[in-house]
Amino acid sequence: MKSNDWLHGFRHSSPYINAHRGRTVVLTMPGDAIEHRNFINIIHDIALLSSLGVRLVVAFGGRPQIQSRLEDAGLETTFERGLRVTPDDHLPLVMEAIGGLRAYLESQLSMGLVNSPMHNARIRVSSGNYVTAKPVGVLDGIDFGYTGRVRRIDAPGIERLLEQDHIVLLPPMGYSPTGDAFNLSYEDVGSQVAAALKAEKLIVFIDDEGLLDEDGSLIRELGAHQATERLNANNVTGHDAVLLKAACDACVKGVRRAHIISYAEDGALLEELFTRDGSGTLVSGDHYEQIRPARVEDIGGILELIQPLEEQGILVRRSREMLETEVGRFVVAERDGTVVGCAALYHYPEEAAGELSCFAVDPSYRRAGRGDDILMMIEKQARGQGIEKLFVLTTQTEHWFRERGFQPTAVENLPGPKLATYNPLRKSKVFVKPL
C-alpha cells in the first residue's frame, strides 16, 4: 500500500520554507563530516536549501585531512589550546590539504546527474579572500607560527555573491595585508562570518545528535546565558565546548539562533529547519533580548505596554493588583531591560485546554518576529503542562492567529469556567490551535 505520510510533512513545511526564503544561513562543516558516509546527503540537502531561496555560506574545516597529509610527509603536529601549531614548513601541506577539500566540495556541489537529487540544480559556488586574519602569536612561550585568528570579514563582498544566488564557500584560511596565509579554526570562521552577516541562523555540525546532558540525554534548547554558565562551570568540555562557545559568540553578536546538529544523521539539517521540534540543540541569543517568565518587577512594564490597548478596547482591563496576583502566568519579551512584549497562559485542566491571553507587543517591534517568539514560548509552556489545545479570544487580530495555525470555533466550545465569564458585548471571536 502506498503511504502518503510524506504529504502531510511536505505541506506543513511551507511556513518554514517561506520563513527561510531570502534569509542567510551559515553552515560550519568539520572535516570529519566531509569524510562521513552521510556527507552526500548533506550535499543534497544544501542543494535543496539553495533551490528554496536560502542564502548559504559554508565554512568548512579539514583537521583530519591536514593530519593525514602531515603524517604522510613524516611530520609531527601538536595542538595547544585547541589549535594546531603551524610551523613554517607545515604551512604548504596545510594549504594543500585545504585546497584539495575546497576543490572536492566544489565538485560535489556541481553534480547534476539524472536520477539524482541534484539534477538541474546548477549551483554556483564562490570562494575567495573574504577573511582577513592575524597571527595567534606566542602564548605561554609557544609560537603558533602560521596559526591565526579571524581579524575581519568582508561582509559586503560576501553579500554581493549571496545576492547573485551563489553559495559562498569559506575554507579555514585567512590572509593578511602583508600577503601571509594563516591556518584558522573553522569554528571561528563560521561564528565570525555569521555575526558579520547578521545571519538568521548558524548551523554547527557535530558527531552526536546535539549537545548531551550529563545523563546522556539531548539538550533541546539553551539560551546564550545558560550556555555560557555551562561553559564557565565546565559542564561542557573538549570540542563540544569549542562549538558551543562559537554558537554563543555568534548569538551575542546578533545571530538570532544557532543550531548544533548531527552530521551523521540523514536529514538532520532539513528536520532542524523545517519542523517544529527540530533535531538537535538550539542556542538562542538572550543577552540583549530574551523571552522569559515574568517577574514582579516587570509589572510596571507590562502595565505600560497593555494600557494603550486597553484604552482602545483591544484588551480587557487589568488592574495592578490583578497583575501582581497573576504575574506567574505571564511571559515577557525583554529588550535591553525594557518589556517590549507579553502574554499570559491560563490552564483549564479538566478540558486539557489553555487560554492565550493579554497578548501584546510594542508597536516598534511588531515586524521583527517578537510575537512569534512569545507564542512559541507560550506553546512550549502549554505542552509542558499537558495542555492539548490553545485557544484565544480576539476582536482585531484574527488573521494574525489564523496565519499561525489557529482555527475559528464557536463560543460554546470554550471551557466551562471561561464560557461563564464570556462577555457577549465585546463580541470576541474564538480561535483554537491543537498542540
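**Exercise 1. Which residues form one aromatic cluster?** Describe a ring pair within the cluster and its burial.

*Solution.* The model under study is predicted.
Step 1. The cluster consists of Phe 359, Trp 400, Phe 401 and Phe 406.
Step 2. For Phe 401 and Phe 406, the ring centres lie 5.3 Å apart and the planes stand at 80 degrees. Planes over 60 degrees apart count as edge-to-face, so this pair is edge-to-face.
Step 3. Phe 401 and Phe 406 are both buried.

**Exercise 2. Classify the aromatic pair of Tyr 146 and Phe 182, and state which parts of the chain it ties together.**

*Solution.*
Step 1. Seven aromatic pairs are present in the structure.
Step 2. In the pair of Tyr 146 and Phe 182, the centre-to-centre distance is 5.9 Å and the angle between the planes is 35 degrees, and the pair is tilted.
Step 3. Tyr 146 belongs to the loop between β8 (142-143) and β9 (148-153), whereas Phe 182 belongs to strand β12 (residues 181-183); the pair therefore ties together parts that are 36 residues apart in sequence.
Step 4. Tyr 146 has 24% relative accessibility and so counts as partly exposed. Phe 182, at 5%, counts as buried.

**Exercise 3. Is Thr 394 buried or exposed?** Characterise its surroundings.

*Solution.*
Step 1. Thr 394 is located in strand β21 (residues 389-394).
Step 2. Buried means under 20% relative accessible area; Thr 394 counts as buried because its relative accessibility is 8%.
Step 3. A polar contact of 2.6 Å joins the side chains of Thr 394 and Thr 397. A polar atom of the Thr 394 side chain also lies 3.4 Å from the backbone nitrogen of Gln 396.
Step 4. Apart from neighbours within four places in sequence, Thr 394 contacts Phe 401, Ser 428, Lys 429 and Phe 431. Phe 401 is also a member of the aromatic cluster of Exercise 1.

**Exercise 4. In what order do the eight strands of the open sheet lie?** Locate the edges and the helices placed against the strands.

*Solution.*
Step 1. The order is β5-β10-β2-β1-β13-β15-β16-β14, with mixed pairing.
Step 2. β5 (124-126) and β14 (221-223) are the edge strands, each pairing on one side only. From one strand to the next, the twist averages 20 degrees.
Step 3. Six bridges join β13 (residues 201-206) to β15 (residues 257-262) in the parallel sense. Ile 206 has Ser 262 as its bridge partner in β15.
Step 4. Helix α9 (residues 224-232) packs on the sheet, touching β14 and β16 (281-284), and its direction makes about 90 degrees with that of β14.
Step 5. Helix α10 (residues 238-252) lies across β13, β15 and β16, and runs at about 175 degrees to β13.

Definitions and conventions:
Residues numbered from 1 in each chain as written. Predicted model: local features only at pLDDT ≥ 70, side-chain atom pairs only at ≥ 80, totals over all residues. Heavy atoms only, no water. Pairing = 2+ DSSP bridges. Helix = DSSP H or I, 4+ residues; strand = E, 2+ residues; numbered from the N terminus. Axes fitted to C-alpha atoms, helices over the stretch in contact; angles between N-to-C directions. Contact = heavy atoms within 4.5 Å. Buried < 20%, exposed > 50% of the residue type's maximum accessible area, 1.4 Å probe, protein only. Polar contact = N/O pair within 3.5 Å; in protein donor to acceptor, adjacent residues only side chain to side chain. Phe/Tyr/Trp six-rings, centres within 6.5 Å; stacked < 30°, edge-to-face > 60°.
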